[in-house]
Amino acid sequence: MALLGSKSHQLLSKIATSDKHGENSPYFDGWKAYDMNPFHPSENPHGVIQMGLAENQLCFDLIEEWIKNNPQASICTPEGVHKFRDIANFQDYHGLPEFRSAMANFMSKVRGGRVKFDPSRILMSGGATGANELIIFCLANPGDAFLVPTPFYPAFLRDLCWRTGLQLIPVHCESSNNFKITRPALEAAYNKAKENNINVKGLIITNPSNPLGTILDKETLKSLVSFINERNIHLVCDEIYAATVFSSPSYVSVSEVIQEMESCNRDLIHIIYSLSKDMGFPGLRVGIVYSFNDEVVSQGRRMSSFGLVSSQTQYMLASMLSDDRFVEKFLAESKRRLAKRHNIFSKVLEEVNIARFPSNAGLFCWMNLKSLLKEQTFENEMVLWRVIINEVKLNVSPGSSFNCSEPGWFRVCFANMDDETVEVALGRIRAFIGKETKKPAAMQVKRWQRNLQLSFSSSRRFDESVMLSPHMMSPHSPIPQSPLVKAT
Ligand SMILES: Cc1ncc(COP(=O)(O)O)c(C=O)c1O
């Protein structure tokens with residue numbers, strides 16, 4: 001049952017058939033290539049390695065150990081089944097009180113204990129995806145706009161705009177200035193929107209940044225808070241990578257900054273959080289809106305009925321996240337393992353003379369491959385990207401999908417695979433860059449131009465009958481569900 005024909009479109013709503021979900025981007029080709037030919041160390045050693053997925057799979061052993069040691073935390077074990085009826089029947093959109101307390105406690109621990117969070121301000125949602133949409137539904141009318149510094153998480157277009165009717169106005173940040181969010185860039189974007197009679201309702205930032213893997217310093221955060229205060233617009237801070245900061249300087253949350261600022265209207269400040277990255281639970285769909293605005297808390301709470309976290313999940317996490325010893329050990333070990341992975345990647349990039357944007361957070365590196373572009377254009381970025389997928393067999397993400405203002409940047413994820421796969425991926429990077437940089441530029445280009453299209457072998461040509469793997473349908477992937485998913 002395909003929903004693609006224009007006749008079917010007439011039967012459906014404008015929202016359902018709009019292309020604002022971003023699935024038609026050429027970027028999606030990379031996911032097709034991966035899905036048709038996924039790497040497996042023994043069964044498919046020449047397959048495509050997925051490096052486009054910002055998942056944190058490095059600490060599952062610690063979680064599994066905790067689950068084994070705490071069978072009473074689940075309602076599906078002999079030790080916990082006595083709570084089954086209560087929990088299965090629980091449906092209050094305030095959430096289990098113990099879950100909200102545990103989340104508040106965890107959020108505080110992740111931010112070094114320097115801020116306390118009030119459990120009564122926590123709103124539940126289906127991951128940060130749902131939380132981001134929820135906050136926009138609370139703050140903006142269709143046609144209103146939010147400013148967003150570039151480069152930014154590609155699915156913001158889907159999450160913030162598709163169903164709400166919001167517009168995003170890019171605030172252009174440049175590599176020459178370390179992608180800093182400057183006051184002049186903010187003012188330029190804001191003033192241009194005003195000249196075009198666009199009602200700017202706020203600014204959204206990700207801190208730590210996806211895709212840069214950097215954190216904002218206190219001074220920048222203060223200047224952003226002042227900027228939005230002067231204009232009486234909102235500041236939404238997506239802090240879902242807060243616990244991935246693996247080396248100094250340490251993380252500063254907006255919640256900490258507003259504690260120190262004398263004049264700040266807290267009603268304008270909202271935090272988005274989830275356990276998808278910091279704990280590595282994207283499948284559990286635990287998202288949070290934490291608003292300092294009472295009205296947003298009460299209106300948003302009613303709206304949260306559309307995306308509650310399952311009570312079974314709340315129940316288990318209430319136990320896990322209030323186990324202080326476990327949480328402290330987990331957070332420390334997770335940082336240690338992320339730092340180790342990041343170092344392994346950085347060393348190889350250094351070895352082959354590939355510049356990487358200096359970072360200390362996140363699940364990815366932001367690589368600078370400008371030197372491999374024939375000309376500094378986004379068309380050439382796509383050419384190179386297709387070579388990387390087709391020949392090197394790595395699915396990395398091109399900067400253009402993050403709305404980066406300069407061609408040549410690529411995001412490469414490093415925490416969604418095991419050590420063995422890392423070695424293969426790094427070997428391929430070494431071989432490719434080594435080979436390419438030894439060639440005269442003209443030869444590199446010639447070969448790349450032959451690769452303008454993704455090549456699929458005739459026996460495995462992609463068509464609508466191909467079933468897509470669960471990974472392709474991941475809501476936290478930059479490109480969400482395929483429109484081509486076949487109904488079963
Ligand atoms: C900045 C940012 N916000 C939100 C999300 C969505 O997260 P979730 O899986 O919790 O919906 C992602 C996922 O990659 C992200 O990078």
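Strand S6 (residues 234–238) and strand S7 (residues 269–274) run parallel and are joined by four bridges; strands are DSSP runs of E with at least two residues, helices are DSSP runs of H or I with at least four, and both are numbered from the N terminus. Two strands count as paired if DSSP finds at least two bridges between them. In this pair, Asp 238 stands opposite Ile 272 in S7.

This is a predicted model, in which local features need pLDDT of at least 70 and side-chain atom pairs count only at pLDDT 80 or more, while totals for chains, interfaces and linings use all residues. Residues are numbered from 1 along each chain as its sequence is written.

**Overall make-up**

- The protein chain has 17 helices and 13 strands.
- Of its 488 residues, 44% are buried; a residue is buried if 20 or more other C-beta atoms, placed from the backbone, lie within 10 Å of its own, exposed if 12 or fewer do, and partly exposed in between.
- Among contacts between residues at least 6 apart in sequence, 73% join residues at least 24 apart; a contact means that the C-beta atoms of two residues, placed from the backbone, lie within 7 Å.

**The seven-stranded sheet**

- An open sheet with mixed pairing has seven strands in the order S2-S8-S7-S6-S5-S3-S4.
- Strand S2 (122–126) and strand S4 (167–171) are its edge strands, and each pairs on one side only.
- From one strand to the next, the twist averages 25°.

**The four-stranded sheet**

- Four strands in the order S9-S10-S13-S12 form an open sheet with antiparallel pairing.
- The edges are strand S9 (355–356) and strand S12 (397–398), each pairing on one side only.
- S9 and strand S10 (residues 364–368) run antiparallel and are joined by two bridges, and Ala 355 stands opposite Asn 368 in S10.
- Helix H14 (residues 324–351) lies across S9 and S10, at about 10° to S10; axes are lines fitted to C-alpha atoms, for helices over the stretch in contact, and angles run from 0 to 180 degrees between N-to-C directions.

**Helices**

- Helix H7 (residues 127–139) has 13 residues and should span 18 Å at 1.5 Å a residue, which agrees with the 19 Å between its end C-alpha atoms; the expected span is 1.5 Å times one less than the number of residues.
- Twelve of the 13 residues of H7 are buried, so the helix is largely enclosed by the rest of the structure. Among them are Gly 127, Asn 132, Glu 133 and Cys 138.
- Helix H6 (residues 97–110) and helix H13 (residues 311–321) pack at about 45°, with their axes 8 Å apart.
- The contact is made by residues including Phe 99, Met 103 and Phe 106 of H6 and Leu 317 and Leu 321 of H13.
- H6 and H13 are therefore oblique to each other; angles under 35 degrees count as roughly parallel, over 145 as roughly antiparallel, 65 to 115 as roughly perpendicular and the rest as oblique.

**Backbone exceptions**

- Most residues other than glycine have a negative phi, and most peptide bonds are trans.
- The peptide bond from Asn 207 to Pro 208 is cis, with omega near -5°, and Pro 208 is found in the loop between strand S5 (200–206) and helix H10 (218–231).
- The peptide bond from Asn 210 to Pro 211 is cis, with omega near 25°; Pro 211 is also in the loop between S5 and H10.
- Asn 197 is not a glycine but has a positive phi of about 60°, and it is exposed, with 7 other C-beta atoms within 10 Å.
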